[in-house]
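Please examine the structure shown below before reading the notes that accompany it.

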Amino acid sequence: MRRRALLATVGAATVGGCTIGGDPPDRNGLSIRAPTFEDGTIPERYTCDGAGVSPPLRVEGLPDRTESVAITGEWLQSINPASGPSTIWLLWDLPAEGPLDVPENIAPDPEPDAIAGAKQGRNDEGSIGYRSPCHEAPDDNEYRFVVLALSESPAIEAGAARDTFDDAVESTIAASTSMHATYERF
């Protein structure tokens, strides 16, 4: 649990395109964005009030030493000092090709067909794949998507939980960055 809280701060420390490890970024450095999120807002389609499908993401600027890419999604308002933010998505073994386009509506399968070789893990509700934003109180609306450029593919089975994922990637993170988005339900 402690490792998870530490890794959760990696994304927080990288807002604005900074990287962890390696050379400082330049204007063409590692980035993640959601083409359908306007002004940092998650459209209803990607939430429990809409279709609840995973959003399309675009990753650019992968460092040369990248062998594999992973993406995590987190609900920030649920931060627990022992475990960090609540995990809404774990996706790894993505190809280290840039730009990398992660398609919309990835099936909730441990090894989805949408991206060859990709694996998904368990979100904090225990299900596989993307858990759409669905906070139940005002102001609990901030979400973070983190991209991890890994120096090697994590040696974990599809369907793994967050702690297993964090243990596997911790020593292989070559660079990371994040984007924040909000969803206003109330």
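The briefing below covers the basis of the model, its strands, one serine and the disulfide.

This is a predicted model, in which local features need pLDDT of at least 70 and side-chain atom pairs count only at pLDDT 80 or more, while totals for chains, interfaces and linings use all residues. Residues are numbered from 1 along each chain as its sequence is written, and side-chain values use heavy atoms, with hydrogens and water left out.

**The open sheet**

- Strands here are DSSP runs (E, at least two residues), numbered from the N terminus, and two strands pair if DSSP finds at least two bridges between them.
- An open sheet is formed by three strands in the order 1-2-5, with antiparallel pairing.
- Because strand 1 and strand 5 (100-102) each have a single partner strand, they stand at the edges, and one side of each is left without a neighbour in the sheet.
- On average, neighbouring strands of this sheet are turned by 15 degrees against each other, direction ignored; the axes are lines fitted to C-alpha atoms, and angles run from 0 to 180 degrees between N-to-C directions.
- Strand 1 and strand 2 run antiparallel and are joined by three bridges; Ile32 has Val59 in strand 2 as its bridge partner.

**Strands 7 and 8**

- Strand 7 (residues 142-150) and strand 8 are antiparallel, with nine bridges between them.
- Arg144 has His180 in strand 8 as its bridge partner.
- Strand 8 (residues 173-182) has eight of its 10 residues buried, so it is largely enclosed by the rest of the structure. Buried means under 20% relative accessible area, exposed over 50%, and partly exposed in between (1.4 Å probe, protein chains only).

**Ser54**

- Ser54 is located in the loop between strand 1 (31-33) and strand 2 (57-60), and its 2% relative accessibility makes it buried.
- The side chain of Ser54 reaches the backbone nitrogen of Ile106 at 2.8 Å.
- Leaving aside residues up to four places away in sequence, Ser54 touches Tyr46, Trp89, Pro103, Glu104, Asn105, Ile106 and Tyr130, where contact means heavy atoms within 4.5 Å.

**The disulfide**

- One disulfide is counted, the term denoting a pair of cysteine sulfur atoms within 2.5 Å.
- Cys48 is joined to Cys134, with an S to S distance of 2.0 Å.
- This pair links distant parts of the chain, 86 residues apart: Cys48 is in the loop between strand 1 and strand 2, and Cys134 is in the loop between strand 6 (119-120) and strand 7.
- The torsion about the S-S bond of Cys48 and Cys134 is about 80 degrees, so the disulfide is right-handed.
- Cys48 is partly exposed at 31% relative accessibility, and Cys134 is partly exposed at 33%.

Key
Helices (H or I, at least four residues) and strands (E, at least two) are DSSP runs, numbered from the N terminus. A polar contact is a pair of N or O atoms within 3.5 Å; within protein, one must be able to donate a hydrogen and the other to accept it, and residues adjacent in sequence count only if both atoms are side-chain atoms.
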